[in-house]
Amino acid sequence: MPVSLHISNRTRSVIHGILFEYVVEAAAVFIQLAIGFCANIAAVTNKSHPDTSWIWGSATMIATYLSGNVSCAHLNSSITIMLWFYRGFPKRKVPRYLGAQFLGAFLAAIAAYSLCYQSIERYLTTSSENLIVSSFVAVQYAVGIGPATVFITEFMGALFLAVMVLAVDDKSPSTGMRSIIFGLVVVCLHAAFASQTEAVFNPSRDLGTRLALLALGYDSDLFRNVTCLCWSYLGSISGALIGGLLYDLVFVL
């Protein structure tokens, strides 16, 4: 006998009228990051270390296609802040979007770790080098990468991303074309910057993921280099804001 889920009209209207875009935003972030994290773990545990840029780009394309018509697929707290500052994105929605993005990142890290748990355990028993944490967050684990490098890397990546977000929004392509463009942008940015900071460009993704790893039993060493973390977050937010200014000054006719 088929199971029927009865949802009242009032509940349905609440979900669609108040929560729907935030749920969609969180779900899109979850899909994007869960796929990306699993790809990073596979690269580490299989000891092949292939370039995962195309996987991250494809995951972004999928997430953008699924959420573009509902939440506009911000997927990134720096982009949300930039759109509020330059494009009048409603101020009241900003905290909710940031919360949705944080929640999506937190759940994505939990899901990816759980899905790959056996591979991770096998890797930890056969390898002397622990790269599992750096599959999720890499800012403070790259050898020789200091706060200045972290800042400029995250700044430039977020700047380029913000310019492309505004350019695509101005040209208003179809949802399918928009998702392809953003997927290719992420491929380029990930290939260019991931070796230094994992190409995060997104404070909510980084913080949500670190707290998820903390909940999974990793110790507070995740937050041992607070200076690097602050410069990373400052770099991504300021990069997105400067990118928005650059676009309006140079590329808008």
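User: Helices here are DSSP runs of H or I with at least four residues, numbered from the N terminus. In which helix is Thr209 found?
Analyst: This is a predicted model. Its chain has ten helices and zero strands. By the DSSP runs, Thr209 is found in helix 9.

User: Is Thr209 buried or exposed?
Analyst: The cut-off for buried is under 20% relative accessible area. Thr209 has 0% relative accessibility. Thr209 therefore counts as buried.

User: Which residues is Thr209 in contact with, leaving aside its neighbours within four places in sequence?
Analyst: Contact requires heavy atoms within 4.5 Å. With the neighbours within four places set aside, Thr209 is in contact with Phe37, Ala105, Ala109, Phe136 and Val137.

User: Which element gives the largest share of the largest nonpolar core?
Analyst: This core has 29 residues, and among those with the most contacts inside it are Leu33, Phe37, Ile132 and Phe136. Two or more residues each come from helix 1 (9-45), helix 2, helix 4 (94-115), helix 5 (117-126), helix 6 (132-136) and helix 9 (203-215). The largest share, eight residues, comes from helix 1.

User: Which residues does Ile132 touch, not counting residues up to four places away in sequence?
Analyst: Ile132 is one of the residues with the most contacts inside the largest nonpolar core. Beyond four places in sequence, Ile132 touches Val44, Thr45, Tyr113, Ile120, Tyr123, Leu124 and Tyr218.

User: How many residues are in the second, separate core?
Analyst: Ala162, Val165, Ala194 and Ala240 are included in the second, separate core. One of these, Ala194, is a buried residue of helix 8. The size of this second core is 28 residues.

User: On which residue is the kink in helix 8 centred?
Analyst: Helix 8 spans residues 175-197. The bend is about 45 degrees.

User: What covers the buried residues of helix 8?
Analyst: The buried residues of helix 8 include Arg178, Phe182, Val186, His190 and Phe193. Their cover includes helix 2 (53-67) and helix 7 (147-171).

User: How much space lies in the largest cavity?
Analyst: A search of the whole structure finds one cavity of 30 Å³ or more. The space in the largest cavity is about 390 Å³.

User: Which helix supplies the largest share of the lining of the largest cavity?
Analyst: The lining has 27 residues, and the closest to the cavity centre are Gln32, Thr60, Asn76, Leu161 and Val186. At least two lining residues each come from helix 1, helix 2, helix 3 (77-87), helix 7 and helix 8. The largest share, five residues, comes from helix 8.

User: How many charged residues are in the lining of the largest cavity?
Analyst: By class, 16 residues of the lining are nonpolar. Seven are polar. The charged residues number four.

User: What is the phi of Phe201?
Analyst: Phe201 lies in the loop between helix 8 and helix 9. Phe201 counts as buried because its relative accessible area is 4%. Phe201 is not a glycine, yet its phi is positive, at about 55 degrees.

User: Where does Cys72 lie?
Analyst: Phi of Cys72 is near 65 degrees, a positive value in a residue other than glycine. Its relative accessible area is 42%, so Cys72 is partly exposed. Cys72 lies in the loop between helix 2 and helix 3.

User: How far apart in space are Ile152 and Gly239, C-alpha to C-alpha?
Analyst: Ile152 has its place in helix 7. At 42% relative accessibility, Ile152 counts as partly exposed. Ile152 and Gly239 are 87 residues apart in sequence, but their C-alpha to C-alpha distance is 8.6 Å.

User: Which residues is Phe251 in contact with, leaving aside its neighbours within four places in sequence?
Analyst: Phe251 is found in helix 10 (residues 226-251). Its relative accessible area is 48%, so Phe251 is partly exposed. Phe251 and Ala167 are 84 residues apart in sequence and 8.2 Å apart in space, C-alpha to C-alpha. Beyond four places in sequence, the contacts of Phe251 are Val163 and Leu246.

User: What share of the contacts with a separation of 6 or more is between residues 24 or more positions apart?
Analyst: The chain has 253 residues, and buried residues make up 47% of them. Of the contacts with a separation of 6 or more, the share from residues 24 or more positions apart is 79%.

How values were computed: Residues are numbered from 1 along each chain as its sequence is written. This is a predicted model: local features need pLDDT of at least 70, side-chain atom pairs count only at pLDDT 80 or more; totals for chains, interfaces and linings use all residues. Side-chain values use heavy atoms; hydrogens and water are left out. The bend at a residue is the angle between axes fitted to the seven residues ending there and the seven starting there. Buried means under 20% relative accessible area, exposed over 50%, partly exposed in between (1.4 Å probe, protein chains only). A nonpolar core is a set of buried Ala, Val, Leu, Ile, Met, Phe, Trp, Tyr and Cys residues joined through side-chain atoms within 4.5 Å. On a 1 Å grid over the protein atoms alone, a cavity is a set of points where a 1.4 Å probe fits but cannot get out, and a pocket is an open set with protein on both sides within 12 Å along at least five of seven lines; lining residues have an atom within 4 Å of a point. Grid points are joined across faces, edges and corners, and a volume is the space filled by probe spheres set on the points. Ala, Val, Leu, Ile, Met, Phe, Trp, Tyr, Cys and Pro count as nonpolar, Asp, Glu, Lys and Arg as charged, and the others, Gly among them, as polar.
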